Amino acid sequence: QCTHPDYNALMAFYESTGGDNWGSNQGWVDGAAGTDCDVCEWFGISCNEQGRVQKLQFSSNFLNGTLPSEIGDLSFLEELNIEFELDLTGNIPKEIGNLNDLKVLILTSNFSLTGAIPAEIGNLSNLRTLDLSFNFFNGTIPAEIGNLSNLKFFYAQVNSITGSIPPEIGNLSNLERLEFDTNKLSGFIPAELGNLEKIQLLNFSSNRLRGCFPENLSNLCSINLDFSGNPDLPGRGDFRAFCTSGQGSCSNDICLDELTLTNNPTMDATYSASISIISEVTISSEIEIVYIAGNSITLKPNFHATNNSDFIAKIELCPENTITQEIEQRSISEAVSLGKASPNPASYKVIIPYTIPEFTQEANILIINATGQVVLNQNIVNTGNGKLRIDLQQLSSCLYFYSLLVDGQLQTVDKVIIAK
């Protein structure tokens with residue numbers, strides 16, 4: 001039995017991810033047999049000067065199974081990078097929040113990881129890079145993400161993440177890139193995004209956000225910011241129009257049918273609704289808040305206006321440029337399927353069967369290479385059951401992934417080998 005302090009956690013990882021069948025398991029096999037205890041020489045591992053596991057890196061190594069909770073016992077781990085492992089399933093274990101030294105967490109392009117982002121990730125105070133893109137993560141963005149004061153890069157595009165954007169993201173003072181495009185985010189844009197002083201790229205395109213653009217976002221007009229593909233935002237998310245003319249600004253007398261306020265305001269603001277406003281916020285001192293609603297304003301028991309704050313409530317008609325909150329709900333996922341590519345392996349052409357519902361507005365089949373880059377994007381014209389013939393002549397021999405994108409939402413993923 002090996003006595004290295006990281007041995008048990010590594011063995012749990014090996015067994016939980018089908019280590020005997022990995023593409024490369026040099027050192028791990030003998031380690032499992034107890035004949036090689038020098039874990040620093042095992043495939044995919046780098047150690048620090050004290051001989052403790054510092055990095056764990058795997059890419060396209062045929063991992064099969066789930067991430068074990070024991071991964072949280074690698075107490076000196078600074079980088080965990082697992083990508084393009086298509087048979088890696090299950091959730092991110094909450095014990096990952098025990099990795100106090102972790103600086104880089106990359107779980108991109110595995111396509112089968114699911115579950116919610118654990119709130120315990122907010123414990124990783126040294127984290128610089130968090131990449132969860134190209135998976136099937138769902139649930140909401142935990143507010144605890146706002147604790148990651150050293151975070152520079154946060155990628156979670158092409159998942160199924162729901163709920164609203166937590167205002168706590170505005171606390172990420174060192175954040176430079178934030179990408180959440182192609183998810184199922186809803187609700188209003190928090191004004192706190194305008195507090196991201198170092199942000200260079202921010203992408204929330206192809207979601208279900210609604211409402212208007214907070215005035216505070218004018219701080220971001222000089223960066224690469226994308227809200228396009230959100231049908232219930234002004235101009236379907238035309239942020240440039242907001243920057244150049246103020247179109248869609250929350251301060252330009254735009255109101256919703258109904259408005260429920262739960263996030264405490266951090267600056268003076270006016271909230272309007274054509275029907276009703278429900279509020280359970282705390283208004284801090286020296287902040288002025290105005291509520292205007294057509295029929296009713298309800299203040300819940302935990303609503304509180306502190307001393308030296310200004311609060312005004314009015315019942316009057318909403319301005320004419322009202323944004324409706326009515327969103328037609330349809331179950332897309334139940335009516336969508338992506339068939340097996342034929343032939344596979346393919347050389348110059350491939351046929352991919354599909355099923356998409358009649359109410360689909362836009363559908364595409366994407367071909368993605370091993371680095372996560374979309375190399376082909378072919379539009380589907382006909383709804384219902386169909387087959388799409390794709391020309392592969394421009395692609396070199398390699399393993400690729402193909403996915404079905406329906407109304408901006410990634411629905412399903414499979415793989416195809418091109419051999420010429």
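**View 1. Surroundings of I161 in the predicted model.** Leaving aside neighbours within four places in sequence, I161 is in contact (heavy atoms within 4.5 Å) with I117, F137, N138, G139, T140, I141, A156, F180, N183, K184 and L185. This is a predicted model, in which local features need pLDDT of at least 70 and side-chain atom pairs count only at pLDDT 80 or more, whereas totals for chains, interfaces and linings use all residues. Residues are numbered from 1 along each chain as its sequence is written, and side-chain values use heavy atoms, with hydrogens and water left out. I161 belongs to the loop between β8 (153–155) and β9 (177–179), where helices (H or I, at least four residues) and strands (E, at least two) are DSSP runs numbered from the N terminus. With a relative accessible area of 1%, I161 is buried; buried means under 20% relative accessible area, exposed over 50% and partly exposed in between, with a 1.4 Å probe and protein chains only.

**View 2. The largest nonpolar core.** A nonpolar core is a set of buried Ala, Val, Leu, Ile, Met, Phe, Trp, Tyr and Cys residues joined through side-chain atoms within 4.5 Å. The largest one has 67 residues, and those with the most contacts inside it are F13, W28, L56, L202, F204 and F227. Two or more residues are given to this core by each of α1 (7–16), β2 (53–59), β4 (79–83) and α3 (239–245), and the largest share, six residues, comes from α1. Not counting residues up to four places away in sequence, L56 touches L10, F13, W28, G44, I45, L74, L77, E79, L80 and N81. A second, separate core of 22 residues includes I352, I365, Y400 and V416.

**View 3. Helix α1 and its cover.** Seven of the 10 residues of α1 are buried, so this helix is largely enclosed by the rest of the structure. The buried residues are Y7, A9, L10, M11, A12, F13 and Y14, and what covers them includes α2 (28–33), β1 (45–47), β2 and β4. Just after α1, G18 takes a positive phi of about 65 degrees.

**View 4. An open three-stranded sheet.** The strands follow the order β21-β22-β25, and their pairing is antiparallel; two strands pair if DSSP finds at least two bridges between them. The edge strands, each pairing on one side only, are β21 (337–338) and β25 (384–391). Strand β22 (residues 349–356) pairs with β25 over eight bridges in the antiparallel sense, and Y354 stands opposite G386 in β25.
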